[in-house]
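Hello,

Here is the structure we talked about, for your files. My notes on charged residues and one of the helices follow below.

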Amino acid sequence: MFLNYLKDFFIKKTLKNNLRNVKKEVFTSNIKTIGLLLDESDFRHSKALIEELVSKGIDSERIKIVVYRNKFKDKKIYSFPTFSKKHIDWKGDSKVDFLTEFIETEFDLLISYYDVQKPILKLITNQSKAKFKVGFASIDKVINRWMINTSLSNYRLFVFELFRYLKNIK
């Protein structure tokens with residue numbers, strides 16, 4: 001318990017130092033690749049969210065998904081690459097290859113689908129090499145370029161608003 005508190009402290013410190021170096025990317029109207037960072041601790045409609053994105057014309061092969069869970073069970077088989085606190089070290093670096101690859105991939109759009117301030121998720125969003133980052137309004141405004149004000153459970157409205165904004169700036 002105490003070690004988790006210390007780990008969170010060091011991750012927050014790393015995040016705070018990294019937030020000083022945030023560079024704002026310019027939106028490119030041609031979105032081909034999407035990174036989707038999901039928090040499945042409270043949200044269980046991941047497949048429906050992906051189907052909603054596909055229904056808007058995004059190729060499912062071009063959506064790369066990484067899922068965070070508060071409670072990770074080693075023996076359980078998950079639908080998507082899943083990680084938890086134990087997969088992040090004290091400096092905020094990933095211990096698993098799929099997460100490192102996700103962070104290093106230069107997506108056209110990163111969707112940070114979480115609405116609770118969790119240092120690990122904020123750090124991954126911040127470290128991501130994505131060109132354009134979108135998330136919820138309840139998350140730190142420095143991390144995401146666009147914030148959509150809706151609830152986590154209302155994924156249809158989130159996707160609708162996202163694509164409405166994308167069409168307006170093309």
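Where is arginine 44 found? In this predicted model, arginine 44 sits in the loop between β1 (34–39) and α2 (46–55). Its relative accessibility is 53%, so arginine 44 counts as exposed. Together with Lys71, Lys73 and Lys76, Arg44 forms a positive surface patch.

Salt bridges: the structure holds eight.

- Aspartate 39 with lysine 118: the closest N and O atoms are 2.8 Å apart. The pair links distant parts of the chain, 79 residues apart, with aspartate 39 in strand β1 and lysine 118 in the loop between β4 (109–113) and α4 (119–127). Aspartate 39 is buried at a relative accessible area of 3%, and lysine 118 is buried at 13%.
- Glutamate 104 with lysine 129: the closest N and O atoms are 4.0 Å apart. Glutamate 104 is in helix α3 (residues 97–104) and lysine 129 in the loop between α4 and β5 (133–136). Glutamate 104 is partly exposed at 47% relative accessibility, as is lysine 129 at 41%.
- Lysine 131 with aspartate 108: the N to O distance is 3.5 Å. Lysine 131 is partly exposed at 28% relative accessibility, whereas aspartate 108 is buried, with a relative accessible area of 10%.

Regards

Definitions and conventions. Residues are numbered from 1 along each chain as its sequence is written. This is a predicted model: local features need pLDDT of at least 70, side-chain atom pairs count only at pLDDT 80 or more; totals for chains, interfaces and linings use all residues. Side-chain values use heavy atoms; hydrogens and water are left out. Patches are made of residues with over 30% relative accessible area and no salt bridge: like charges are joined within 9 Å, nonpolar side chains (Val, Leu, Ile, Met, Phe, Trp, Tyr) within 5 Å. Accessible areas come from the Shrake-Rupley method with a 1.4 Å probe; for residues, only the protein chains shown count as cover. A salt bridge is a side-chain nitrogen of Lys or Arg within 4 Å of a carboxyl oxygen of Asp or Glu. Lys and Arg count as positive and Asp and Glu as negative; His and the chain ends are not counted. The place of a charge is taken as NZ of Lys, CZ of Arg, CG of Asp or CD of Glu. Helices (H or I, at least four residues) and strands (E, at least two) are DSSP runs, numbered from the N terminus. Buried means under 20% relative accessible area, exposed over 50%, partly exposed in between (1.4 Å probe, protein chains only).
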